[in-house]
Amino acid sequence: MLKENLRGVEEKINAACKRSGRSREDVTLIAVSKTKPVETLQQAYDMGVRVFGENKVQELVDKYEALPKDIHWHMIGHLQRNKVKYIIDKVDLIHSVDSLRLAETIDKEAKKHNLTANILIEVNVAGEDSKFGVRPEELEPLINEISHFSNIQVLGLMTIAPFVENAEENRTVFARLRKLSVDIASKNIDNVNMGLISMGMTNDYEVAIEEGATIIRVGTGIFGQRDYTHV
C-alpha cells in the first residue's frame, strides 16, 4: 500500500507542478509520520523517503534515535517552549513559530548548541480560533523582532488551512500566504529569507502547489488513516 500511495502522491505533485509551470524540484514533500510506528517509517525510508514531519516532540525524539541519521526531520506541530531543548539539534526546520517568546527560547537553545535554527513563521491566514499562528497583520512586526536574533534564520512562512471537502475553497488561503511572503521579501529585512512556503496537506496539496507552496505536508495520503489508539 505504501508504495502505491507514494507513487500516487508523486504523480499528483508532478501534475500540479506541470499545471502551474513549476519544476518538481521546487516542491519538497514531507511525509507526515505522526502516530506511525518506526517500522512503517523504515519502510518509507527504504522506498527513498528522507524527509519526515512530526507533530509531537517526544515522538520525534524517539524516532530520531531509532532511525537512520540521514533523515531530515521537520517539527510541524505546535511547539511548547519547555520542549525546544529536546529537538533543537535534531530538526532541519521548525515550521510552527508563532510568538516572540518561542523564538527567544529557540534562539537561546540554538546558542547553547552553537548552531543556527531554521524556522518558519506560522500564520493563521484563515483566522480560525482553533488554530495556532499569528494573524497576518502581526506578521511583519514579529519578523522584525526575530530578525535580530543571532542564532535563528527565518526561511519563510507556514499555514494550516481549514479542513474542507473541496480543496478549491482553500485556494484563497494559499494565495494570501504567498502574497504575505512576497510582501515580506520586498522589505529586505536582514537575516530573513522568504524562500520557503509550507502549505497544503493530503486533501489540498495540489491546489497549494499551484499557489506557490515549496513544502507540502502529506500524512494520510502516504501512510493511510492514522491510528490514535496507541498515542
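I started with Ala126, which sits in the loop between β5 and α6. I took helices and strands as DSSP runs (H or I of at least four residues for helices, E of at least two for strands), numbered from the N terminus. The model is predicted, so I noted its limits: local features need pLDDT of at least 70, side-chain atom pairs count only at pLDDT 80 or more, and totals for chains, interfaces and linings use all residues. Residues are numbered from 1 along each chain as its sequence is written, and side-chain values use heavy atoms, with hydrogens and water left out.

**Ala126**

Is Ala126 buried, partly exposed or exposed? Its relative accessibility is 37%, so I logged Ala126 as partly exposed. My cut-offs were under 20% relative accessible area for buried, over 50% for exposed and partly exposed in between, with a 1.4 Å probe and protein chains only. I then looked up its contacts (heavy atoms within 4.5 Å). Not counting residues up to four places away in sequence, Ala126 touches Pro162 and Val173. I also took a C-alpha to C-alpha distance: Ala126 and Thr172 are 9.2 Å apart in space and 46 residues apart in sequence.

**Positive phi values**

Most residues other than glycine have a negative phi. I found Thr35 with a positive phi of about 70°, and Thr35 is not a glycine. Thr35 lies in the loop between β1 (28-32) and α2 (38-46). It counts as buried because its relative accessibility is 15%.

Asn114 is also not a glycine, and its phi is positive, near 55°. I located Asn114 in the loop between α5 (100-112) and β5 (117-122). At 70% relative accessibility, Asn114 counts as exposed.

**Helix α2**

Which residues of α2 are buried? I listed Thr40, Leu41, Ala44 and Tyr45. They cover an arc of only 145° around the axis, so they lie on the same side of α2. The arc is that of the directions from the helix axis to the C-beta atoms. On the face turned away from the buried side, I found the exposed residues Glu39 and Asp46.

I checked what the buried residues of α2 pack against: α1 (2-19), β2 (51-54), α3 (57-66), β3 (72-75) and α9 (220-223). Thr40 of α2 gave me a specific case. Leaving out residues up to four places away in sequence, Thr40 touches Leu2 and Phe223.

**Asn5**

Next I looked at Asn5, in helix α1. With neighbours within four places in sequence set aside, Asn5 is in contact with Gly221, Ile222, Phe223 and Gly224. I also looked up Asn5 and Ser96: they are 91 residues apart in sequence, and their C-alpha atoms are 27 Å apart in space.

**Helices α6 and α7**

How do the axes of α6 and α7 meet? The axes of α6 (residues 136-146) and α7 (residues 171-186) come within 11 Å and cross at roughly 30°. That makes α6 roughly parallel to α7. I used these classes: under 35 degrees roughly parallel, over 145 roughly antiparallel, 65 to 115 roughly perpendicular and the rest oblique. Axes are lines fitted to C-alpha atoms, for helices over the stretch in contact, and angles run from 0 to 180 degrees between N-to-C directions.

From α6, the contact is made by Pro136, Leu139, Glu140 and Ile143, and from α7 by Arg176, Leu180 and Ile184. I sorted these residues into 5 nonpolar, no polar and 2 charged. Here Ala, Val, Leu, Ile, Met, Phe, Trp, Tyr, Cys and Pro count as nonpolar, Asp, Glu, Lys and Arg as charged, and the others, Gly among them, as polar.
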